[in-house]
Every structure is written in structure tokens, then in C-alpha cells.
Amino acid sequence: AEHKNTDAAISSYLIEAEHYAAQEKIDEARRALIGLTDNADPDYRNSPWAPYALYRLALLAERLGTDESLREANRRIEELIDRVEKSGEDHELIFAARLKQGDILSKRNDFAAAQRAYEFLVNRYARRPDVVYAQLALAKCRNAQSAADPDRAHTNAARLLFEQLRDRFDAPVDVRVEAGYNLGAILLREGRTAEAALVWWRDVIEAFPLDASRPLGRDAKRPYWLARTLCDLGDAQEKLGRTEEARRAYELVLEWKLPFGEEVARSRLQQLAAPPAKPAP
């Protein structure tokens, strides 16, 4: 009460919100943040902490997962960007906020708006090392729109972006592996099964094998995408009549102890090991 307009008092709303969020008390966390972002006192609304509070509000709303909460999350991000841009600064949160906005819009199947958010980042922050995450998101967004794509503009744009990311030596391995998987998936969708199998084996599995002596971080996405690649590769090789290559793909899922696809791999290996059924007399 005596120091309500100090930096410490204002930032305490964020600390309180994190305390409640850690306990999954989302409503209490949101109330704490709104006490900062929607405060009538201009010292609160215009404080350097307000953009962070708005960003956290968007994340909490997204966590609820309903269409209404996703709309609120998008609204809070727009509010964040509006406040920051009025200050004339290129705030560090702009990149993270726009990237999150694209993800939220994608969850609402508003891919055209999500595409604009990602393209904003790709064009404005082309020199940032982490722009590859916006490029990957843009490629996936274009790919998601390819179902209704008579002139193949989305498909061709997605393929080009996936190819560029797959070949970027300065990109994180997780990004390159996911891009390689998606590139093969596009080829498979077009009926180019042999080309898809080649991309998956050469550009994903051989290029980025798992090494048990080098543990991955908790947030690493490579095991998931390697598992998906191997399972889809095995299926593609079976369709091409390449039984040994298919078996090797499924075996790698088990050898690398991948968390996804183990059940599928075991089932397919059992079926490949079974003797062919005898023709009916």
C-alpha cells in the first residue's frame, strides 16, 4: 500500500501469477495478470512489465484450449503488439508473440491469418538465427492449405521451404529433421513413393541418426520425428516391395528406443516375419 507504484510492486503481479499457474490455478493466475494489464493506473498499464503480463495471459488462455479462450489469446497478443509498437521500440517480445499468434490461429484453422503472422516474422527478422522456427511454421501452414490448392501455390511454397530448412547447416537438428519428414510426406502424397523413401532414408535417418552416448534435451523433438519417419518409411518400402528395407526401418525404431511407434514397429515386424498365406485350393 505504501509503495504501490514501485517497480517491485508492479512486477509482483507477474510473480503471483506464476505461483498460481504452477499449481494449475489458471483463473487465479489470470486475475493476477489482469490486475496489471487492465489496471486503471497508467503506471501499471504503461509499465515495462505490462507486455510480459499480456504475453503470459495469452499463454494461459491458449492452455485452456477452447475456441473462446483461443480468441482471447489472440486478442491479448494483438493488444501486446499494439502497445509495444506505439512505443516505437522493437520489443524482444514481438518475435515470440507473433510466432505464438500464428500457432494460435493455426489451432483455430485460420491458416490464412496464421500465414500472414509467420510471413511478417520471416520478412522482418530474416537475420535472426531463430527465424528458422518461423520458416518451419510457415511451411507447415502453407502445407496445411494445400488440400484446396488448384494451382499448387501452397504445395510448391511448402516444398521449397522444407527443402531450404532441410539443407540449412546452421539450423537446429530438430528443425532439419522435421522439415525432412514433411518433405517426404509431400512426395508421398503426390504418389512419388520411391522419392519419398529416398528423402526419408538419406536426408533424415542417415543424416541424423540417434547416438546413445549423446543424450537429448527434454524438449528435443527429433525422437518423435525420427519415429514417424521410420514408420512411414517402412510402410513405403513395403508398398514398393522392398521387404528387407522395410524391416530395417522398423528395427531402427526399436534399436533407438524411440518413444513413438514402438507398437507399430513390433506389429509390422511380426507380420513381415510370418510365412505368406497359402493360396486357397
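Glu72 touches Arg30 and Ala61, leaving aside residues up to four places away in sequence; contact here means heavy atoms within 4.5 Å. This is a predicted model, in which local features need pLDDT of at least 70, side-chain atom pairs count only at pLDDT 80 or more, and totals for chains, interfaces and linings use all residues. Residues are numbered from 1 along each chain as its sequence is written, and side-chain values use heavy atoms, with hydrogens and water left out.

Glu72 lies in helix α5, which covers residues 67-86. Helices (H or I, at least four residues) and strands (E, at least two) are DSSP runs, numbered from the N terminus.

Gln145 is placed in the loop between α8 (131-144) and α9 (153-166). Its side chain is joined to that of Gln115 by a polar contact of 2.9 Å. A polar contact is a pair of N or O atoms within 3.5 Å; within protein, one must be able to donate a hydrogen and the other to accept it, and residues adjacent in sequence count only if both atoms are side-chain atoms. Residues up to four places away in sequence not counted, Gln145 touches Phe111, Ala112, Gln115 and His154.

The table lists relative accessibility; buried means under 20% relative accessible area, exposed over 50%, and partly exposed in between (1.4 Å probe, protein chains only).

| Residue | Relative accessibility | Class |
|---|---|---|
| Cys141 | 2% | buried |
| Cys231 | 11% | buried |
| Glu72 | 15% | buried |
| Gln145 | 15% | buried |

A disulfide is a covalent bond between the sulfur atoms of two cysteines.
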